[in-house]
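Q: I have a structure open and would like to talk it through slowly. Could you help me read it?

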Amino acid sequence: MDTVSKKSFYLFCLIIFSLCIPLFMKDPYRIHIAIVTMLHIILALGLSFVMNTAQVPLCQAAFVGFGAYTSTLLVMRLNFSFWLSLPSAGVLTAILGILVGLPTLRIKGIYFAMATFAFGEIIRLLFIGWVGLFGGANGISSIPSPNPIEIPGLLTLEFQSKIPYYYLTLMAMFLCLMVFYRLNHSRIGRACTAVRESDLLAQCTGIDIMRYKVFAFALNSFFAGIVGSIYAHYFHFIGPQDFTFWQSVEYIVFVIVGGRGTFAGPIVGSIFLTFLPEFLRIAVEFQVVIYGLALILVILFMPKGIMGLLFKIISKSSNS
Amino acid sequence: MELIFLQTCINGLMLGSIYVLIALGLTLIFSIMGIINFAHGEIFMLGGFATYFIGEYYGVNFFLSLIISMMIVATFGVLIERIIFRPLREDPLNLLVISLGLAIVLQNLALIFWGPEDRSIPVDFQGVIKIFGMMFSNERLAAFIISVTLVIGLYLFIGRTKAGKALQAVAQDYEAAALQGININQMNALAFGIGCALASAAGSAMGPVFLVSPFMGIMPVMKAFIVIMLGGLGSVIGSVVGGLILGIAESFGATYLGSEFQNMVGFIILMVILIVKPLGLFGYRE
Amino acid sequence: MKILEVKRISKIFGGLQAVSQLDFHIKEGEILGLVGPNGAGKTTVFNLITGIYAPNEGEILFRSENITSWKPHKIAIKGIARTFQLTTLYNNCSTLENVIIGHHSRLKARLWSILWRTPSYWKEEKDAEQSALEVLDFIGLLEQKNTLAQNLPHGYQRRLEIAIAISSGPKLLLLDEPVSGMNPEETAEVMTLISKIREKGTTVLMIEHDMKAVMGLCDRIVVINYGEKLAEGSPQEIKENKEVIEAYLGREDDFA
């Protein structure tokens, strides 16, 4: 079997496996963890894509929040079906991403990070301050589940238990994986790499730097909006405290610990850091301490993250 | 009517003076080391807690415990600089990210060990003072005096002492300073230590005015970022001017607007400055 | 026909006049040398032509089109490519990847085709890789195609820069000290390469200090000093020009 069909075969198995998980994993708590992990993976992949254009945004949680509130308001105030509010939240958040990205992505490194930090705070304060629209510090509760899917004659899928949510999130994650994987292996992905490696050379080779930075930023915002929408209709309650700066920091931790600059890095980082504290059943504070320590240790000793370490081990063993 | 205006102004100055202390520490650290230290708020918090515990367990006078706290926290800061920041000297973005990690570790360790309750630092000089018909709490007044004293002290140190002048040299051009024989590592440690000491003092000074808790550093340091970006990264005058401006603006905001929108204004200013003139009012660093 | 016309451009950096009323042109198909002492402003001229700086005065015309103040990527797409004085590569990518990235402006796949992996996407990717291999073969780096750019020896790195530049199929190639840091053997190889590039139809503007390379390759030479044009002419004329000789006196004796 040549490598391409081997890869496809493994991929196929993985897909079937993930589709079947709810069949043999009955514990709703574990399904909940799986859902949260997949949401984190989507966020980490998008964030990593932006970070590959040499910018570190500190406002990911604000985009998630924006998607969450948008979807909620579309469903509860304008009677949208969830199936319409979901993509709408994605698109509207992407638009927000473009609006914010255009003026800020021109700015270098740490100043860009600070600007996104400020933006994130502005959005959060908006959620708290505009009580009429966003419910203020109390947030919005009793958010309805997604509308049941009806395939006439076959089945009606209602969102009562966690399992339909699992499949919903799984589909979103597959979409996200496919999009980013294909982008990375195309001229768009190469252009982003070029921007990161040397924006001077990239420009002189005909790559419009701002275009790719904004594109990456907007695409990331799109998926963050999608995550926000799923989040809102899964937890049925959202409030400004769910979308703070420190959550944005957590998402950065996932990418860095997993290994930025690789495709699997953000995935591995999200799984590792979401599963670990959950299965250790430790309190939130300890969880956050672990995240912080992991970040510090990785940056100091393993700058290429877990994936970097794995690659080192693999190449060492193939050399010896 | 004018009295309320004047009172608001002066309250603003007092509040601003605390921002100035925090901002000065941050800007000093930035101009010498090039780090934007997101964990600065936690240093501030540690100062507050240190003063609380020293006062609580040893019955020491407030001002004395403030000074002791400064020394303890500064030492801690120097350790952090040595272990965590120094290996990453040339990499500002990674430094920023690592300081984020440090911040969440410190916040949550504080939460784990000391619990989430707000504590107040009792002082012997509680009370209110009346000047020209305006009322000021003694605690705020004390905070203001502490801040002014430290700022003057810093000014004298930087301008008049050998170490201070060496710091100035490093801030201007660290390669040239190194060529002149100045020990960059020592200067970094010194700058970081002083920065932490200032933050610690600010935290201690805030203790009696507001309360001490693990998350008390978050908002003040965000304000401090606004201040130093407004005033210009690396500019001491900028920090002072910016801090006072923000303090006054917030004081007026609190009196005449709602508090969330008042906070938002600060961040809008920050974003606009970064987009339009990242160097701020007085900044000179690239 | 004049492929590039630089008309009386000037550039000031905070009080320092880097380039002053510089005026010259390049004929299509020629190799023009831009020489001058260190600090004369040569790289600044390159930066002005490629859009990294905008001139304070004057115009730049590329194939009769006014490209003054255009953004760098637009100028690159129009057909001007360059290399840099300090080796500038995509360090963490392989040699082959570097050259494929260089093809960027020639690829047209839209987002849609990329996401759905249409046949046109596959074809374009294959063609790009094929073309990149051909470029590497032409440059002589085919064997190193999988080596990480930062791991290449200096001479190969400089060649890779040229490879990236020509992979966009430029009409005008700007080379900034292409043989710097090379021994005589490598220099001769690169000189042959540049000749071959010209034979394929690309016009070349070259900054170089190595006088052997300049004299051997260039059809014409423009000499600048302190940002101003000092002299212009054939290699022989420049060699005998008194002012040029004077400008180089007191510097390293590379004007043998």
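Predicted model: local features only at pLDDT ≥ 70, side-chain atom pairs only at ≥ 80, totals over all residues.

Q: Why does the radius of gyration of chain A agree with a compact globule?
A: A compact globule with 320 residues would have a radius of gyration near 20 Å, and chain A has 20 Å, so the two agree.

Q: What percentage of chain A counts as buried?
A: Of the 320 residues in chain A, 52% count as buried.

Q: How far apart in sequence are the residues that touch each other in chain A?
A: If we take the contacts in chain A between residues at least 6 apart in sequence, 76% of these contacts join residues that are at least 24 apart.

Q: Switching topic: which residues touch the most other members of the largest nonpolar core?
A: That core has 269 residues, and the ones touching the most other members are A:I42, A:L295 and B:I22. Helix α10 of chain A, which covers residues 209-235, provides the largest share of this core, with 17 residues.

Q: Let's stay with A:I42, then; what is it in contact with, leaving aside its neighbours within four places in sequence?
A: With those neighbours left aside, A:I42 is in contact with A:A172, A:M173 and A:C176, and also with A:F223 and A:V227.

Q: Now the chains together: how many residues of chain B are in contact with chain A?
A: There are 33 residues of chain B in contact with 33 residues of chain A. On the side of chain B that touches chain A, α4 (92-114), α9 (218-231) and α11 (259-276) of chain B each supply at least two residues, and α4(B) gives the most, with 15 residues.

Q: What is that side of chain B like by class?
A: The side of chain B that touches chain A has 27 nonpolar residues, five polar residues and one charged residue.

Q: And how many residues of chain C are in contact with chain A?
A: Here 24 residues of chain C are in contact with 20 residues of chain A. On the side of chain C that touches chain A, α2(C) gives the most, with four residues, and by class this side has 13 nonpolar, nine polar and two charged residues.

How values were computed. Residues numbered from 1 in each chain as written. Chains lettered and ligands numbered in written order. Core = buried A, V, L, I, M, F, W, Y, C linked by C-beta atoms within 7 Å. Buried ≥ 20, exposed ≤ 12 C-beta atoms within 10 Å, placed from the backbone. Contact = placed C-beta atoms within 7 Å. Nonpolar A, V, L, I, M, F, W, Y, C, P; charged D, E, K, R; others polar. Rg over C-alpha atoms; globule rule 2.2 N^0.38 Å.
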